[in-house]
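I set out to record what I looked up in this structure. The entries follow in the order in which I consulted them.

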Amino acid sequence: MFLWPKSLATLAAGLAAVCLAGPTNARDEEIVLGMSAAFKGSSRDLGIELYRGAAAYFEHVNRAGGVNGRKIRIRAYDDGYNPGPALENTVRLIEQDNVFLLFNYVGTPTVTRALPLLKKYEGRSAYLFFPFTGAEPHRQPPYDEKVFNLRASYRQETAGLVENFLKAGRKRVAVFYQIDAYGRGGWDGVRRALAKHGLKMVGEATYRRGTAFSESLRPQVDILRKADPDAVISVGAYAACAAFIRDARDAGWDVPIANISFVGSDSLQKLLEEHGKAKGRDYTRGLVNSQVVPHYDDLSLPAVKEYRELMDKYQPLPPAEFHEGGRALPRYSFGSLEGFLNAKLLIVVIKQMGKDLDRARLRAVTESLTDVDLGLNVPVSFGANKHQGMDRVYYTTVRDGRSVPLDNWGAFTK
Amino acid sequence: MKNARLLTKALALLGGLFAVTLTATALFSAWLLDSTITVEHESRGKAIANSIATVSVETLLYRDLSSVQAMIDQYLDTQGVSYVFVEDAQGEVVAHTFSPAVPEGVKGLQGRKQKTVSVRSAELSGVGDVADVCSPILDGQVGAVHVGMSHDVIHSAIRAAVLKLVGLVVAIFVVVGLLATMLVRRLVRPLREMAAVMKDIAEGEGDLTRQLEARGRDEVGETARWFNVFIGKVHDIVARVRAASLRTVTVSGTVAAAAERLSSSAQEQASVLEETAASTGLVNESGQALEEIVTSVRGVNGLMAEIAGTTQQQSSGIAQVNRAVAQMDVSVQQNAAQTEELTTTAQDLAQQAQDLQALVGLFKLLDGAGEAAPADGVGAFPPPPRRRAAPAVRGLTPAPPRV
């Protein structure tokens, strides 16, 4: 049981304000979405990219007059990819900022910890839309009813990776993972996928959340190498995963290493390229990445075209308080594309709500959405027991310093 | 430092006492802390393991491992918890907090088919010394929760506590040492002065006018006061001896003078007698000579009167006179010898008195003591301490000098 005396005080104040303001917000008020994500620290690219993609689409909607005359705004707080701050931010967003809904949260340990609050604030109809995590806790009872996902799950991603590696003749699979709820989810996904084929993972090594690229992950490399795997599935965030790849390659180990969507493949690739330039070698060989959105270079998809147009047009920045002028922002990324798609789907939901923006209707309205066309050639549907819009997993690899879709795993055949 | 031997001894004793105290206290508190903290530590581990075991039944059965992991992660922040891991009914570790990998030794901790919570000590590589607290989930039907309570945390806590204790005791030792140094210095100073005075009296000028500064109402002050009284007594005795010897010198001088006078008159008498003997034939002169003899010899002895009587009866004959004169000569000769002896004795006495003078002169006395007021000289010294002496000392207490 958690108690926040300060929050309780603001809750009382908030309730009073709600009562005075009347049952519904004024028509021309903004629709405020609450976002808690990593905007600082070693995983900040994840929060920033997700935010930027969403901001591009909301900017587009707002410039066109908003939804029913109401503009969309994101209230963003940094949690540094840590559960404690994520919890505090969530309370603040619900009680103090009285946000319409929670949106674009980043990370499994953070979301997992905040989930009970959705139950606690059931009376206020608190919902979390499209978190940037494929973990199971918010896809399973009792919290699944409070959360809507767009992306495929880590189980689906890891299962896809395992299946493809097995097909390529790589049966000895080891896992390198972040020792927390996220890493455990990925580890469990690999374990389940292997178990289907009567296999077990041959080795595992862990790292602590928040590990920086500058740190050595040589011990983990040595532990896994001893198990002599054919492939390593890496469940982590970009800084540590890049460091692991660097140390593996520096040790002369060229085993294929696969990362999953959450890693932030663009940030990972950037770190490895910068390091490779300094060292005069290529660290991006033998890499696979599973993605939950298509490649941003896939111009055959209308959504990708629109995304690129809007990104170029608005060149969205991170939230002002977390913006550092000197940092170059990527033109496109998987993160911002996911943020963009999340925003696009959310606008569909809000439009579906009509003029009555009663939060209590959010669940029913969203569950009623079927075959929504976001421009991905994959229809997005929800249902009473289906709170995940897409199941599709995409794969990419790095070729000649460029991230490209991986459709043929022939290069990884043993 | 030769003069600080008492201080060195006192400090060494103090240091030794402190060292013993410190060692005993440190060992005792380490033991006490170890037992209390270990018990507390293990019960904390049991509480955590039990709570995870209780909560994780449904999570393990109906939910995914991410939720289990999120749950056990929270306990890593608890002080002393070095790991948490969950094994399923098949004994496979399904969630843990180890990084970079699960230590080899963990296998030995698994598969305890027990229905109650148990504690086992283990040493895991990369983790250290731990007490592995194992709590079965649903009587072990679903699995078990293991919580590793670090012994290193206990040890470092004990180390820190004992270090603080040692620091405190050393600080106290420094303060007490400084105080003791000051105290011992204060005690030793009068003793040193006393020693110096005694040394001075023993080897130096024999200054009996020196007095110790009798500060304080403690044993040292008392000793100093009694020492002063003692020195006063010695002073008085020496003063009296000096006065007495002075008198002796005077008296012996007088005796010597008298003896001299006596000797010279006897010789005079003897020569007169010889003249008388030579001039027995000279009757003219004999009357006058005998007259002289009578004058000279009067008061010497009764024999003179007899001679006078005899000489007045000249008619008895010269032979008779001659006999008498010879007899008288013998007597005078004897008298002279006795006088000589007296003179020698007086001279001896004077010599001895002078020797005594010289001897007591070695001591320095108050001005005039022994010359002007031999009996009252003691009045110059302070009265003896009025304090009650300790019972043991009472018998030795000198009689206070008369004032």
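**Entry 1: Nonpolar cores**

I worked from a predicted model. I began with A:Phe103 and listed its contacts, setting aside neighbours within four places in sequence: A:Leu33, A:Gly34, A:Met35, A:Ala54, A:Phe58, A:Leu128, A:Phe129, A:Phe130, A:Asn342, A:Ala343 and A:Leu346. I then looked up the largest nonpolar core, which has 147 residues; A:Phe58, A:Phe103 and A:Phe129 touch the most other members. I noted that helix α11 (residues 334-353) of chain A gives the most to this core, contributing eleven residues. Apart from it I found another core of 19 residues, including A:Leu93, A:Leu115, A:Leu117 and A:Leu118.

**Entry 2: The open sheet**

I traced an open sheet of seven strands in chain A, in the order β7-β6-β8-β9-β10-β11-β12, with mixed pairing. Its edge strands are β7 (203-207) and β12 (402-405) of chain A, each pairing on one side only. Neighbouring strands of this sheet are turned against each other by 25 degrees on average, direction ignored. A:Ile233 has A:Ala258 in β9(A) as its bridge partner. I also recorded that helix α7 (residues 218-226) of chain A lies across β6 (173-178), β7 and β8 of chain A and runs at about 170 degrees to β7(A).

**Entry 3: A:Ser265**

I located A:Ser265 in helix α9 (residues 265-279) of chain A. Is A:Ser265 buried or exposed? I classed A:Ser265 as buried because its relative accessible area is 8%, and the cut-off for buried is under 20%. Its side chain makes a polar contact with the side chain of A:Gln291 (2.9 Å). Not counting residues up to four places away in sequence, A:Ser265 touches A:Asn289, A:Gln291 and A:Phe334.

Note on methods
Residues are numbered from 1 along each chain as its sequence is written. Chains are lettered from A and ligands numbered from 1 in the order in which they are written. This is a predicted model: local features need pLDDT of at least 70, side-chain atom pairs count only at pLDDT 80 or more; totals for chains, interfaces and linings use all residues. Side-chain values use heavy atoms; hydrogens and water are left out. A nonpolar core is a set of buried Ala, Val, Leu, Ile, Met, Phe, Trp, Tyr and Cys residues joined through side-chain atoms within 4.5 Å. Buried means under 20% relative accessible area, exposed over 50%, partly exposed in between (1.4 Å probe, protein chains only). Helices (H or I, at least four residues) and strands (E, at least two) are DSSP runs, numbered from the N terminus. Contact means heavy atoms within 4.5 Å. A polar contact is a pair of N or O atoms within 3.5 Å; within protein, one must be able to donate a hydrogen and the other to accept it, and residues adjacent in sequence count only if both atoms are side-chain atoms. Two strands pair if DSSP finds at least two bridges between them. Axes are lines fitted to C-alpha atoms, for helices over the stretch in contact, and angles run from 0 to 180 degrees between N-to-C directions.
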